[in-house]
Amino acid sequence: MTTICRNGHPRTQENTIVYPGNPTKPYCKPCRHATVKRYQDSHPHVAKSWQANNREYVKAQSRERLLRTEYGMSTADYSAMVLSQGGRCKICGVTGLKLCVDHDHKTGAVRGLLCKHCNFFLGHVEGYPGFQEACIAYLEESASFRCPKN
């Protein structure tokens, strides 16, 4: 195998795609992606109709890519975490909702799975010092306010 492709990209194991149907003809990933992109750009109706006809597959692949790139985990890792938490949010314990991956934004370390409400709230508490106290003060103030009856 040559060390560079015809466009000058290095042929490394990480940079090469080998399809099972044709193992003797490896593809350069950057060149293959560029070819696919050119085709999709010149035939947008084909890509859109394929995506529409394969919505579940596209959704699963998108989820898998997000887990891998953002959190360094697979769908199997996610499923194992769901099972280990009993399908519950790690903060409020709610079940039946899709759980979000909670991670430390500084280190990137995954902490657990949360419902979307707890994940959203935790993001605000973590990102803004004093947010939690401001929420509590607001709720206490609102509880003491009563509308005058007509």
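Strands are DSSP runs of at least two residues, numbered from the N terminus. Two of them pair if DSSP finds at least two bridges between them.

The model is predicted. Mean pLDDT for the protein chain is 85. A value of 70 or more is reached by 94% of its residues. Among the elements, helix α4 (residues 75-84) has the highest mean pLDDT, 94. The lowest, 80, belongs to strand β1 (residues 16-17).

Strands β3 (residues 100-103) and β4 (residues 110-114) run antiparallel. They are joined by 4 bridges. Cys100 has Leu114 in β4 as its bridge partner. The two strands form a hairpin, with 6 residues between them. Gly108 lies in the turn and has a positive phi of about 85°.

Pockets were also examined. The largest has a volume of about 400 Å³. Its lining includes Gln40, Trp50, Tyr57, Glu64 and Arg68. Helices α2 (44-53) and α3 (55-71) each supply at least two lining residues. The most come from α3, which gives 7. By class, the lining of this largest pocket divides into 4 nonpolar, 4 polar and 3 charged residues.

The second largest pocket holds about 330 Å³ of space. It is lined by 15 residues. Arg6, Arg11, Tyr27, Cys28 and Cys31 lie nearest its centre. Two or more lining residues come from each of β2 (27-28) and α1 (29-42). Helix α1 gives the most, with 6 residues. The lining of the second largest pocket has 7 nonpolar, 3 polar and 5 charged residues.

Terms used. Residues are numbered from 1 along each chain as its sequence is written. This is a predicted model: local features need pLDDT of at least 70, side-chain atom pairs count only at pLDDT 80 or more; totals for chains, interfaces and linings use all residues. Side-chain values use heavy atoms; hydrogens and water are left out. pLDDT is the predictor's confidence in each residue, from 0 to 100. On a 1 Å grid over the protein atoms alone, a cavity is a set of points where a 1.4 Å probe fits but cannot get out, and a pocket is an open set with protein on both sides within 12 Å along at least five of seven lines; lining residues have an atom within 4 Å of a point. Grid points are joined across faces, edges and corners, and a volume is the space filled by probe spheres set on the points. Ala, Val, Leu, Ile, Met, Phe, Trp, Tyr, Cys and Pro count as nonpolar, Asp, Glu, Lys and Arg as charged, and the others, Gly among them, as polar.
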